[in-house]
Each structure stands twice: as structure tokens, then as C-alpha cells.
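Hi,

Here is the structure I said I would pass on.

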Amino acid sequence: MPVDVKMGTFWSLSFALTLGTLVLGSAPKGPWDSFNYAPASRTVWAKSIKTVEGTVHNAHNLITKTGIATLSGNQSYITLDFGIEVGGLVSLRFNSVSPSSGLALSFTESPLFINPLASDDSTESSADRSLDGIETLDTPLSHGLWSQPSYRMRGGFRFLTIVSTSSAPVSISNVSCAISFSPHFDDLRDYKGYFYASDPVFHDKDFLTKIWYAGAYTVQTNVLPVDTGRQVNIPRGWANNATLGIAGPILVDGAKRDRNVWAGDMGVSGSTMFVSTNDLLPFKNALATMFSLQNPATGLLPMAGPPLSIVGSDTYHAWNLIGTYNYYLYSGDETWLRGVWTNYTKAVAYMESKVDSTGLMNVTSLGDWGRLAGDGYSAPGNVYLYRVLTTGAELATYLNEPDLANAWSTNATVLKAKINEVFWFPSAGMYRDNSTTELCPQDANAMAILFNVTTSEEQANSITKGLTKNWNELGAVAPELPDTIAPFVGSLELQAHFHSRNDDLAMDLLRREWGYMLYTNISVQSTLLEGYTSNGSLFFRADRGYHFDPTYTSHAHGWSTGPTSVLTFYVLGLTVTSPGGQTWTFDPHTSGLTSAEGGFETSLGWFGAKWTLSNGGKIFSATLDVPKGTTGQIRVPVEGAVSVGGRRVEKDASGFVRLSGGRQSIMVG
Ligand SMILES: *[C@@H]1O[C@H](CO)[C@@H](O)[C@H](O)[C@H]1NC(C)=O
Ligand SMILES: *[C@@H]1O[C@H](CO)[C@@H](O)[C@H](O)[C@H]1NC(C)=O
Ligand SMILES: *[C@@H]1O[C@H](CO)[C@@H](O)[C@H](O)[C@H]1NC(C)=O
Ligand SMILES: *[C@@H]1O[C@H](CO)[C@@H](O)[C@H](O)[C@H]1NC(C)=O
Ligand SMILES: *[C@@H]1O[C@H](CO)[C@@H](O)[C@H](O)[C@H]1NC(C)=O
Ligand SMILES: *[C@@H]1O[C@H](CO)[C@@H](O)[C@H](O)[C@H]1NC(C)=O
Ligand SMILES: *[C@@H]1O[C@H](CO)[C@@H](O)[C@H](O)[C@H]1NC(C)=O
Ligand SMILES: *[C@@H]1O[C@H](CO)[C@@H](O)[C@H](O)[C@H]1NC(C)=O
Ligand SMILES: *[C@@H]1O[C@H](CO)[C@@H](O)[C@H](O)[C@H]1NC(C)=O
Ligand SMILES: *[C@@H]1O[C@H](CO)[C@@H](O)[C@H](O)[C@H]1NC(C)=O
């Protein structure tokens, strides 16, 4: 890491001078750090007492490390509040016990399910399907420090209830949780990227910064030691000691559950990791696990890794391939790409073999993110195939396989025309799910914009406008999964609005959907929900295959973290456009804000920016700091002559100014 990498930014230099501290190789320090949800220590103690029931003396002592509380009477209990989502192994000290004393623990993410007789639900198959039960400590209890056995680790919770299970008193102290996620981080707050902007409209001006950090922390809670997966098919209770893949740490879908690799989820969480921690190893390990399980005969990749090991989804198959592209784009890790290339091409061929004489893919493996239908000649399946072919062609070019790149590009062009011919539904001004329905799904329409299936600005604008018809005050309700707000697909829609430069719509959706998730007191106010019903309740319905009870909902789900990368890529406006950031774009979407700053790291170094709009939005100024030796293009958000480093520069025909890397100041107006 070059020494001047992050010291060099104009603004961080001024912070360095003010605060006197800067850690090289980490994001610059600044006021944004106070919005980082990650705890300062890998062992955490409760922040407050949520509930006390029965006969409990000095309950408040348990928010200190040494104070003692005493529970007397069967079913007396204390509920501790850790203040944020945490997960790991609990320990506590017994200061006084009698031979007949008993104690049990129960856990929950949402405060709605605080219950001395049960934890919220993390298992699919326990006898009591709706609840995980309590963890009863072995008796007789003994003096001294007790620690949870490792298989009993609870992956995600905010509230811990400690209940006396006998009439004999028991005195305890020092109740803590040893965080188990992101095991390779000594300092969970040591991010490589940051984001900071003030929201001039929302009830909390720090909303945008908070949601960026909430997404980042959510994904940190989804990075697991490889041997701490959720066991399936256990008769009762829970066990988190299953093997998740070929190497760890590994990226999974959720902290409490499923604690399992899922291909689609990485389509959002992989990008979150990149811009926040730049910790791409867990992403690679998850993808590598999926490739290692490829069906040797057909080329089909799994939908979910072990222990669920679910096979049978053409769309999640595609997400594995899109994830591979994203991983390579962010990391520039060509060695790994070459290692999986044979499997990758075979997986593309699997999809191509499903294209029949109609020119469309016939989707036959139906698993997906929970939506209904989607089989046959469906819009989403074909939009995914288009993305696979175009990104595959890029990868083939990087690997010097021009013939393959051409063949995939040619097929992509033909497919794009076919999708527009068959699925475009003029009366709705959107794509429909298939040629016999009037339903215009959220997923295929959002992705069509994002993946450039649309052929004009007018078409994209018509879609984004159409998508707003699905909105209520809490977010975007998916027509293809009635009564459900699915922030995974919402994350794609959010990008689609920015991508088509409908920034006001994007900001509106962001404030509705993520504004709900971050602040609602039925969740954990630090990590992001997997999904909810259209009225905000926790009954996350997916009518195909599973019916969730409300306590099964995950409150820390990486697929809901779209805003983190979106704020960096679109609002800050800095993206990488070739592997590792050899080329990049700086194209801020000011979105009604007056300033934003942030950045991220790649193996080439620091990519940072800070922009300001002044004089009623007429003057735009920015500082940009990207590695020397790279090249990029900038697009400015206001009219007027552009100067870089005080010198006038010209825009090209598409409105971009070409620049090479280094530090520069940009001024317009
Ligand atoms: C997981 O823990 C359970 C309960 O202790 C044990 O029976 C099982 O063998 C463990 N499995 C693994 C893979 O360690
Ligand atoms: C404690 O209360 C629970 C729930 O009411 C009951 O099932 C259990 O038998 C009681 N235990 C003792 C030791 O009284
Ligand atoms: C308190 O708990 C921490 C974390 O488990 C442990 O390291 C420490 O030794 C405990 N101290 C006492 C006095 O129990
Ligand atoms: C490619 O797939 C085969 C199974 O078809 C698997 O054995 C092998 O490990 C995979 N290779 C990689 C690099 O994942
Ligand atoms: C799609 O493929 C399946 C399996 O081969 C076949 O049963 C079905 O008829 C095909 N659908 C169409 C519309 O051709
Ligand atoms: C391109 O599409 C044609 C027709 O579907 C197919 O036969 C061919 O295998 C495809 N090429 C590649 C490289 O996938
Ligand atoms: C077409 O899409 C609609 C809406 O998703 C769905 O209900 C229907 O089953 C689909 N039809 C076919 C033939 O797949
Ligand atoms: C998107 O597709 C159009 C053709 O419809 C093409 O001209 C354009 O280059 C594509 N954009 C990107 C970023 O690939
Ligand atoms: C959430 O806040 C509302 C309104 O203040 C309150 O009525 C409700 O009890 C709270 N719910 C929880 C679970 O704290
Ligand atoms: C919210 O929606 C769920 C699921 O549709 C329903 O069960 C519940 O009654 C609704 N709650 C309210 C307050 O309307």
C-alpha cells in the first residue's frame, strides 16, 4: 500500500491536521465514524435493560461488567438489550447458586418476540416449527464463568432474555457476547470505504450516512466462520455448527438465518462489501463453493450452498455468473477467474442450451427470490441471460478469448431484440412477465434498465414511472409476490431509478423503504430486514414453497443493502469500470443534496471524492483522488465550462471529460 494513499485527499488531509490521526490503509477518519454501527470490541456487553419480570434484584447491574443481579423465583427474568444486532457466543459469571438453581436463555432480533419461554425462529424443521425454544443450562449450575457451547451460538439477536427456571435464587454478572461474525477482523470498525452526506428533506438529516453504514454492518454480520452454518433437520432447538463451503470466512444470506450461501443475495451484498470493507475474500469463498458443486453433466450451479444445497434455479444460476463478474470487476483477481473459467463457460452453455427456436430461454428450474411464477419464456429469466452474455463477453475479452466474446455478444444482441419484441407491453409502458399476462413485475423491469435491455431513455423513463405505481408509504410492493415488500428486488429498483437518472424517484424510494426498515421499532435499528408485508408487518410471505411465521424473518439480510453501494456509485458518483479500477467513472447524481463525500479502496489504492453544489445549485466543485496510472471519465451535474486543476477542459460527444488518475480539483459554473 503506497504511503500517501489516503493521506493525500484534500479533505482527509485537513481532517488529519485537525484530529491528528489517520490510519493508513483504512478510510479517513471523520464525523461519519459516529454512524458506524460495528462494535468497538469483539466482545460486547448489554447497553440497557429492556424488561424485568418477577423478582429480580439489581437488574441494572448487568449493563456493567462487574455488577451482580439476582433472580429469585421460577420464571423471573431480565431481558438485556445490546442496542444493535449482535451474534455470537454468550458467557456469564455465576456469583451465587444453590444446588436447585436453574437458568435458561432466549434470544430475539425483534422486540416483538421477547419471550422467556422461546427464542425467535431460526430453524426450518424443529418440532415446534414456529419457535426455537430456550437454551436451558445444564444443572447443577456452578460458580464461575459459564460460556455457551459453540454449536449453540446464536447468529443474530439484539435482545437476550435470562430466566430463572426454579424457585431457588441465582446471582449472575458479566453477561457478554463474543461476536462470531467477520472472524478475520480484529477491529470490526476498520472499514476501507466511507460515505457522508446530509439529507435536506428527511426527518433525520443523517439518514443517508446511517443507511450506508447499516448496510455495511448488515453484510459484516453475514460473513461467517465456515463451520458455523445453520444445521437443518434438527429435531428441536438450534445448532449453528454446519459446514458452509470449501473455505471461510464465507458470505451468507443472513445473520440469524439462513446462515447459508445463496447466489442471488450476493448480487447485492457483494457490492456492499466492496465499497465498505473491501473484504472480498468471503465473496470469493462463497462463489468458489458454488462452482465446486456444479453439476458435471449439465453445468447447472446450485441455488444455495451447503448444508441447504438447493439445486434448481435458472435465475440463481445466473446470479452465480453475475456475481463472478462483479467479484472480478471489484478485485481484478484474474488468477481466480482463470481457475473457474472452464466451469463458468459450461454454466453459460447451460443457459444457452435452454434457448430454443423462439430465440428465448425456456426457464424450467423455478427457484428464485420467493416470487411467484417465472417459468417458461419469462421476462426475468431472459433478462438475466442477457446480463450473463454481456458480462461473459467482457470477461472473455479480458481473458483473451475474442471468438467466445463475439459469439456471446452476438447472441446477446439477438436476445435483447427478442426480449423487447415479446415482453414489451406498450399499454403499460413496461415489460410484462410473459407473453400471456398483464402483470409487469418489479424484478424484470428494474433489471431491464440496470442491465441495458432497454433501448432508449424514453423506454427507461416509462418503466421507472410505471414502477412507482407499486409504491406505498413503506416501499415498493412486488406485483409478482403480492402483499410483499422485498428489499432485494427493491435494491435493484433503487439502482434502476438512479441508472436512468430518475434521481428524485430513487431518493423517494430510498426514504420510504429504507427509512422504514432503519427506524421501525419492530426491528433492530442497525441492520436491515429481509422483507415485510405491505403494511410493514413481519410476516414475510413467499407463497411458493414456504410460509414464514413472523419470527422467522431475518433482521440482518445482505440482500437488502442496496443503498450502500448505490450511494457510493451514484450519489457520490464514483465507480470502477474495469477490473480493480484500472478505469473508473466519476458521475455524481446530486439528487437534491448540497454535498457528499466518500470513497473506497481497490488493490490499486484509494478512490475518493468530495463534491459540493453552491450558489443555488449553479456552481459545482469537486475533489477527486484516484490512483495514478488509472484512467477515467467524469460527467458534471451542472451546465457550464468545466475546469480541472484550474485549466479549462472539453467534454466529448457524450458529455464526458477524460482524465487520468491522481488528485484533482474540478470546478463548473
Ligand atoms: C453439531 O452439534 C451437535 C450438538 O452438539 C452435535 O451433535 C453434532 O455432531 C455437531 N456437528 C458438527 C458437524 O460438529
Ligand atoms: C417453572 O415454571 C414453568 C413454567 O410455568 C414450569 O413448567 C416448571 O415446571 C416450573 N419449574 C419449577 C421448578 O417449578
Ligand atoms: C467477563 O467476561 C469476559 C468475556 O467472556 C471474560 O473475558 C472475563 O474474564 C470475565 N470476567 C469475569 C470477572 O468474569
Ligand atoms: C468445476 O466443476 C466440477 C464439477 O462439475 C468440480 O468438481 C470442480 O471442483 C469445479 N471447479 C472449480 C474450480 O470450482
Ligand atoms: C420448456 O421446457 C420444458 C422442459 O423441457 C417443456 O416441458 C416445456 O413444454 C417447455 N415450454 C415451452 C413453452 O416450450
Ligand atoms: C448462440 O446462440 C445459438 C442459437 O441459440 C446457439 O446455438 C449458440 O450455441 C450460441 N453461442 C454461444 C457461444 O453460446
Ligand atoms: C405468466 O405470468 C403470470 C404472472 O406472473 C403467471 O401468473 C402465469 O402463470 C405465467 N404464465 C405462464 C404460461 O408461465
Ligand atoms: C446499451 O445498449 C445500447 C443499444 O441498445 C448500446 O448502444 C449501448 O452501448 C449499451 N450501453 C452499455 C453501457 O453497454
Ligand atoms: C413502537 O412504537 C410505538 C409508537 O410509539 C409504540 O406504540 C409501540 O409499542 C412500540 N413497539 C415496540 C415493540 O417497542
Ligand atoms: C398486515 O398484513 C398482514 C399480512 O397481510 C395481516 O395479517 C395483518 O393483519 C395486517 N396488519 C394490520 C394492522 O393491518
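First, a term you'll need: on a 1 Å grid over the protein atoms alone, a cavity is a set of points where a 1.4 Å probe fits but cannot get out, while a pocket is an open set with protein on both sides within 12 Å along at least five of seven lines; lining residues have an atom within 4 Å of a point. The largest cavity is lined by Ser-182, Ala-216, Val-219, Gln-220, Val-223, Met-273, Ser-276, Thr-277 and Asp-279.

Some housekeeping: this is a predicted model, where local features need pLDDT of at least 70 and side-chain atom pairs count only at pLDDT 80 or more, though totals for chains, interfaces and linings use all residues. Residues are numbered from 1 along each chain as written, chains are lettered from A and ligands numbered from 1 in written order, and side-chain values use heavy atoms, leaving out hydrogens and water.

On confidence, the chain averages a pLDDT (the predictor's confidence in each residue, from 0 to 100) of 94, and 94% of the residues score at least 70. Residues 1-24 fall below 50. Where pLDDT is low, the predicted coordinates should not be read in detail.

The chain is divided into domain 1 (43-179), domain 2 (184-188 + 198-519 + 527-569) and domain 3 (573-668); the bounds come from an automatic or database domain assignment. The centres of domain 1 and domain 3, taken over C-alpha atoms, are 51 Å apart.

Now the largest pocket. It has a volume (the space filled by probe spheres set on the points, with grid points joined across faces, edges and corners) of about 1,400 Å³. Of its 42 lining residues, Arg-387, Ile-449, Leu-450, His-499 and Tyr-570 lie nearest the centre. Domain 2 and domain 3 both give residues to the lining, so the pocket lies between them. Helix 5 (314-331) supplies the largest share, six residues; helices here are DSSP runs of H or I, at least four residues, and strands are runs of E, at least two, numbered from the N terminus.

Back to the cavities: the structure holds two of 30 Å³ or more. The largest holds about 50 Å³ of space, and helix 2 (207-220) gives the most to its lining, with three residues.

Cheers

Key
Contact = heavy atoms within 4.5 Å.
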